[in-house]
Amino acid sequence: MTTTEKKTSKQGSSKPASAKKSGVGAEPASARSAKGQYKYVGTRPVRPDGLDKVTGRARFAADLVLPGMLHGHVLRSPHAHARIVSIDTSAALAMPGVKAVVTRDDFPDAVPGNPVSDVACNLMARDRVRYEGQVVAAVAATTRRQARAAAAAIEVEYEVLPHVLTVDEAMAAGAPLLHEGMFTRGVEPAPTQPSNVAMRSYFEAGSLDTGFAAADVVVEREFTTKPVHQGYIEPHAVVADSTQEDRSVVWCSSQGHFRVQQQTAKMLGWEPSQIKVLPAEIGGGFGGKTTIYLEPLAVLLSRKANRPVKMVMTRDEVFRATGPTPGTRIKVKLGARRDGSLVAGKAWLAYENGAFGGFWAMLGAWCVFAPYRIPNYQIEAYDVVVNKPVNIAYRAPSAPMAAFATETVLDEIAVELGIDPIEIRLRNAIKEGDPTVLGPPCPRIGLEETLRAIRDCPQYRAPLGPNQGRGVATGYWFNIGEQSSATVHLNENGTAIVLTGSPDIGGSRASMALMAAEELGIDDERIKPGVADTDSVGYTDTTEGSRTTYATGWAVVEACRAMVVKLRERAAKMWGVDVAEVEWRDGAAHHTKGANDPLPLAKITAKAKSTGGPLAASASLNARGAGPGFSTQVFDLELDPETGLVKILRVTTAQDAGRAIHPSYVEGQMQGGVVQGIGWALNEEYIHNRKGVMENAGFLDYRIPVASDLPMIDTLIVEVPNPAHPYGVRGVGEVGIVPPIPAIANAIA
Amino acid sequence: MSRTQVTCTVNGDPAEFLCDADQSLLDALRDEMLLTGAKEGCGTGDCGACSILLDGRLTCSCLVFAPEAQGRDITTVEGLALGDHLHPLQQCFLEGAALQCGVCTPGFLIAAKALLDSNPEPTETEIRYALAGNLCRCTGYDKIVRAVESAAATLRETA
């Protein structure tokens, strides 16, 4: 194995750590003890945005009210596939209180096949509607009631077209086409006939024939999964104020307000600088808020009405018109020698994309064999359009379905060979330096450490009762880095403001404060982290791909280091010495020649005016080397043989965090991912009827897990530091959702 | 349409508002009284983000017509803290990292208060069933259940 630093921390499952008045975990900075080499990183303070969230003060987009504000409402397609013959808005516009209506006529032309245009057509249909729920028009009126009534008064004539709902229907010969101009990408030579296959992806290594010929055991299985929704509790919401002559100000619930700015501008044919986006608190996203839906509609309604406009989706709209993750059909064939070592793998993946082409099957292809060394493989993946809402990212998008296939086939091989399921995974686990499907050799990872952590955990050896089963699975997610910006300001009293461009969807402000505290050497309680609007901080990519604590955290570290350079310069000036004689540690400037007493940060900020003016520093970067994350989980469950009801009894999840900046929120990501995976495995699915209309667009019929469905979720944080990051951070947000589906299947099998 | 005048008590204070006959109490709280702590996650009583106490009883405010609040006593999340003193549930949610995005948190705090008001020493199972009407998509409920256990212990110690 690689020489990695390994530490595990554990949170017990049976009872809360204590019932002391001081609470269950968090401690003030003064009472916390240093952990290893760090004073703040790795501690568990109360999150900076917490007080507002437990008192009801936190301001989400739907909470905002502006003077003169109108309410917008959307008219959506009742058909899965139809040509729009005509739209008559005259009756709606004549209704009292109605101030503006927008339709396709209000938007610039869309170029078919262009990704931006696909987004544009998704949120305002042009020539036809391609799924039930697609936007056809939007209205702004003085009250919500009036806006709803006016939307209903818009007359739309449709010519209903035949539709397709699954990859099989869409790929069948003679299937109705969603896009006459869709010629499958990734096929040589390029096809001459259009189809519903947006893209083919293909990866291979070695020789399949040789590989399977060398196998003692070969198992091939086929899997289908249904679309599931991210299920964030806060519906999409936006307030737009376009009353300034050449500008619109937008408050919205988004994982990436810079993307909202850019996409909205492109869709409207505006300059990005004409749109200022302020990130509201976001009530969950999980990938589902990485694109735009309402924003351009609200901006344009506000422009037409010359008043601010608020738009809030209903839950029904969220289900029908925003992002589920794809339904799939996947075939996986694996061959192994008697000792369990994999010699060949073949995968065929077809992923629904919804009504416009995406790249979800390609991501599935990247992930399907990623945790294992397989010398001979062939992976073929198809991205397929169907008449359903446009798929968007959901936590490690595309990986859970691919893992469902590979991890259950691997388990079957383990059973056939009589090898422990953890042992067979350890035998095949990729290691640093191994080739990967994406090209570059595997970096330093924590896969084996998560496997051993589960093998050694008490649950793995706990006795099982009748009708009870145990299953394990491993999950992989590649994680991304991308672009981030951060700005640090010091106040005269020595407190600090740390601003980034990353919406905080899981506690990232707490992590930013801890990394800044470590760099500056001041208590995190003296640091106020915030998420700045698109005017006030450098460009920052969306909070997605488990990138924020990694990439934006890195930008915070760099901004703080630039600040420390300035602090040393100021101290040198105050002392009248060369800056080379000043070093920074423990929140103070130290004179290495010892002639001067240390100058704490607050003494330097107090003199900032006379030593050069305000202290501010920024950093922007494009973070590389995010490095993949791994999670291994063990599930114990009980199956009622009469009803088929599955009760989850115990779960332990081990995940490599690289370095857990705030362990409580790392655990929170792990636990949240596990439970979303449980819902996917047991309860959740989109149900469309034969007309292509969704039949369970509400939380009563689309049932996400509730507290009484679940046990405690035990967490084992594995720390194999990521060499690319100043603190060794590895993204932790997503991979936890990957193992539950196969682990539960393996436990039932 | 003429509007209905409603007089009630909200978080201990006398309150008056005008509402439509078919307006939900949630909308009246948020739009007429600008108490935006209660959230609309579904509007159909399935998610619990709009939870309030109505005469002490746990209620989805999206399922109550605003005029029904006449003469009633309403507690929202804004009424949990006593001045600067957080309710032990709020304190334990903070210290136990029992929230992530925070949009469901007001509803969970209210539902947990309803439980602890009637059952000061609930088991883990009782807590899980008492909170089963509240959806959280971020946390997996683990830290929420622990926070409620911890708050119950704190309340028993100070009782």
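Modeller: Quick term first: a residue is buried if 20 or more other C-beta atoms lie within 10 Å of its own. Keep in mind that this is a predicted model.

Colleague: Okay, which residues of α3(B) are buried?

Modeller: Helix α3 of chain B covers residues 105–118, and 12 of its 14 residues are buried, so the rest of the structure largely encloses it. The buried ones are B:Thr105, B:Pro106, B:Gly107, B:Phe108, B:Leu109, B:Ile110, B:Ala111, B:Ala112, B:Lys113, B:Ala114, B:Leu115 and B:Leu116.

Colleague: How far apart are the end C-alpha atoms of α3 in chain B?

Modeller: At 1.5 Å a residue, the 14 residues should span 20 Å. The model agrees with that, since the end C-alpha atoms are apart by 20 Å.

Colleague: Over to the contact between the chains: which element gives the most to the side of chain A that touches chain B?

Modeller: In total, 47 residues of chain A are in contact with 52 residues of chain B. On the chain A side, the elements giving two or more residues are α1 and α18 (663–682). The one that gives the most, with seven residues, is α18(A).

Colleague: What is the radius of gyration of chain A?

Modeller: Chain A has 19 helices and 27 strands. For its 749 residues the globule rule gives 27 Å, so chain A is as compact as a globular protein of that length, with a radius of gyration of 27 Å.

Definitions and conventions
Residues numbered from 1 in each chain as written. Chains lettered and ligands numbered in written order. Predicted model: local features only at pLDDT ≥ 70, side-chain atom pairs only at ≥ 80, totals over all residues. Helix = DSSP H or I, 4+ residues; strand = E, 2+ residues; numbered from the N terminus. Expected span 1.5 Å × (residues − 1). Rg over C-alpha atoms; globule rule 2.2 N^0.38 Å. Contact = placed C-beta atoms within 7 Å.
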